[in-house]
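I have a new structure open and my notebook beside it. These are my entries on what I looked up, so please follow along.

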Amino acid sequence: MMSAKLIKGPEVAAAIRDQIAVDLASLKEKTGKVPGLAVILLGEDPASKAYVGNKEKTSKALGFYSVVHRIPAETTQEELLKMIDDLNNDEDIHGILVQLPLPDHIHEKAVIDAIAVEKDVDGFHPINVGNLMIGDDCYIPCTPHGCMKMLEYIGYDLKGKNAVVVGRSNIVGKPVALLLLQQHATVTICHSRTADLAAVCREADVLVVAVGRAEMVNGDWIKPGAVVIDVGINRVDDKLVGDVHFESAKEKASYITPVPGGVGPMTITMLMLNTLESFRRKHNLK
Amino acid sequence: MAARIIDGSAIAKELQQKIKADVAKFKEQNKTPGLAIVLVNSPVARTNIAELKKRMCDSVGIYCEVHTLNSLSGQANVMALVEKLNADPKITGINIHPMPNHIDYRAVVHAIDPLKDVEGVHPENMGNFLIGDKRYIPFTPRGIMKLLESTGIELKGKRAVIVGRSQHVGLPVGFLLLERHATVSFAHSRSWYLEQLTCQADVLVVAAGHAEMITGSMVKPGAVVIDVGTNLVGGHLVGDVEHDSVSQVAGWLTPVPGGVGPMTVAMLLNNLIGCCD
């Protein structure tokens, strides 16, 4: 029995952060400035607070200028939009992120649409999504970007291969499918209504699973030698598990991302990469 | 048993009647939809299609201007025209025809007012389309969905395979099928195992621009096959699907000509009606 090699998120992320640090140093020397990331957090949701805390910590550790606006959940949409507008016009800010989900009284789309496209480092603004679709310059949403970097890290050539994406969300499934397609894979998107999901998964040379159902994909569904990217994070009996049944899958796959320690740790690094890219574009530096 | 033919011309005619009625209603409110077609004279300009669009507009009561720039026109000329049309209240929709190589088509598309982007190709409209918040959907894919609807087949859970991944056809039609809960595969010129994939398709949409590349042996018996290709071979128009062999296997098939083609103009005008709202 073979056992899959692990694609470790922290290891890949560290390699990218090292590169960010090198690039940042040279950009700082050229411009006398550093990239700035602003994060807005409404309310006290514990998970959101933890995410925002991590973003702040990573920003600072990398030497970015970091601003976090922690504002009450009762903030009105008008106030929030005003704050975004100020950040859009702030010369020192290159990336703006509004932590989702937002309280019910705020229209999420209006907020995302209000962020300046060139500062939309989350890649959620429709113009960024549209540019991603037509293969033009854009900020790639962080989680799909992280998945692609993991494939790049192992030197995987996607050209002509069968890639299967399970899950069709706007933030993972659809963009990751577009990115795989841009790398010339044949891409199939599956979801809860797919007939015989197991059979479709078995065709995959690369399987990306992002559905949010604990251990739904097991080893029987995996083509021997496939690369498995598990985007799911589910809490089961106080333990974190992915959407893939790790123990059985690792007997079939050639590479697999563990949970925790897989795609998760990549996301913040991708955010930093996008913010750095925004800084570069602003200063016309490649 | 031979495949049933999906008659795009007939479906487009019905749609035209509906558009005509809608235009009449708009006119009662003193609103007239107006289409501007922009083309730069060149072998890719498709002047004849522009004329066809103009005639169809005339017949349903839509105001239409065809702007044919001479072949020496540069980027600045095209951009200036688009700016002028953006500002023109008579024009509610702008349709850019394929441009010669010396014109940056993307820059032109970016310059269109997204509210007048009847083609649904401006990145803002593309992005909103992808995340399910629609204003304008590219009209060829929309026409394809109408043709599929006409067969009455249920798309939910079915396997749909799209051959071709263009931003105007392949990608949007795939995401429209996904929205209807099909399992969607995008294949293209670099795909390995193409035949293996097409043989599983309950719905096969071919928009690759290769004459008769899909043959009967590549099609699942009973499948619905939509042929988006129009290729001129030896003076004849043929699709991306080899009609004779595929019609022996498929359950439904669009002919070329007379399938997807007539729908596109009708759907363009249908999008334009949406623009006027």
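**Ground rules.** I call two strands paired if DSSP finds at least two bridges between them. Helices (H or I, at least four residues) and strands (E, at least two) are DSSP runs, numbered from the N terminus. This is a predicted model, where local features need pLDDT of at least 70 and side-chain atom pairs count only at pLDDT 80 or more, while totals for chains, interfaces and linings use all residues. Residues are numbered from 1 along each chain as its sequence is written, and chains are lettered from A and ligands numbered from 1 in the order in which they are written.

**Entry 1: strand β5(A).** I began with β5 (162-166) of chain A. I found β5(A) and β6(A) paired in the parallel sense, over five bridges. Ala163(A) sits opposite Val187(A) in β6(A). Next I checked burial: a residue is buried if 20 or more other C-beta atoms lie within 10 Å of its own, exposed if 12 or fewer, and partly exposed in between, with C-beta atoms placed from the backbone. Five of the five residues of β5(A) are buried, so the strand is largely enclosed by the rest of the structure. In a regular strand the side chains alternate between the two faces of the sheet. Here I saw Asn162(A), Val164(A) and Val166(A) pointing one way, with Ala163(A) and Val165(A) pointing the other way.

Entry 2: Which strands does the open sheet of 12 strands contain, in order? I read β1(A)-β11(A)-β8(A)-β7(A)-β5(A)-β6(A)-β6(B)-β5(B)-β7(B)-β8(B)-β11(B)-β1(B), with mixed pairing. The edge strands, each pairing on one side only, are β1 (5-6) of chain A and β1 (4-5) of chain B. At the crossing from one chain to the other, β6(A) and β6(B) (residues 183-187) pair in the antiparallel sense over three bridges. There, Val187(A) stands opposite Phe186(B). On the chain B side, β5 (residues 159-163) and β7 (residues 203-206) run parallel and are joined by four bridges. Val161(B) is opposite Leu204(B) in that pair.

**Entry 3: where the chains touch.** I count two residues as in contact if their C-beta atoms, placed from the backbone, lie within 7 Å. By that rule, 28 residues of chain A are in contact with 27 residues of chain B. On the chain A side, α5 (126-134), α7 (173-182) and β6 (186-190) each supply at least two residues. The largest share, eight residues, comes from α5(A).

**Entry 4: helix α5(B).** Is α5 (residues 123-130) of chain B largely enclosed or exposed? Eight of its eight residues are buried, so α5(B) is largely enclosed by the rest of the structure. Met126(B) and Phe129(B) are among them. What covers these residues includes α5 and α7 of chain A together with α4 and α7 (170-179) of chain B. After the helix comes Gly132(B), whose phi is positive, near 85 degrees.

**Entry 5: Arg168(A).** I found Arg168(A) in the loop between β5 and α7 of chain A. Arg168(A) is buried, with 23 other C-beta atoms within 10 Å. Leaving out residues up to four places away in sequence, Arg168(A) touches Gly173(A), Lys174(A), Ile189(A), His191(A) and, from the other chain, Leu178(B).

**Entry 6: helix α3(B).** Which residues of α3(B) are buried? I noted Val78(B), Leu81(B), Val82(B) and Leu85(B). The face turned away carries the exposed residues Ala76(B), Ala80(B), Lys84(B) and Ala87(B).

**Entry 7: a second sheet in chain A.** Last, I looked at an open sheet of three strands in chain A, ordered β3-β2-β4, with parallel pairing. Its edge strands are β3 (65-71) and β4 (95-98). Four bridges link β2(A) (residues 36-42) with β4(A), and Val39(A) has Leu97(A) as its bridge partner.

Key: Axes fitted to C-alpha atoms, helices over the stretch in contact; angles between N-to-C directions.
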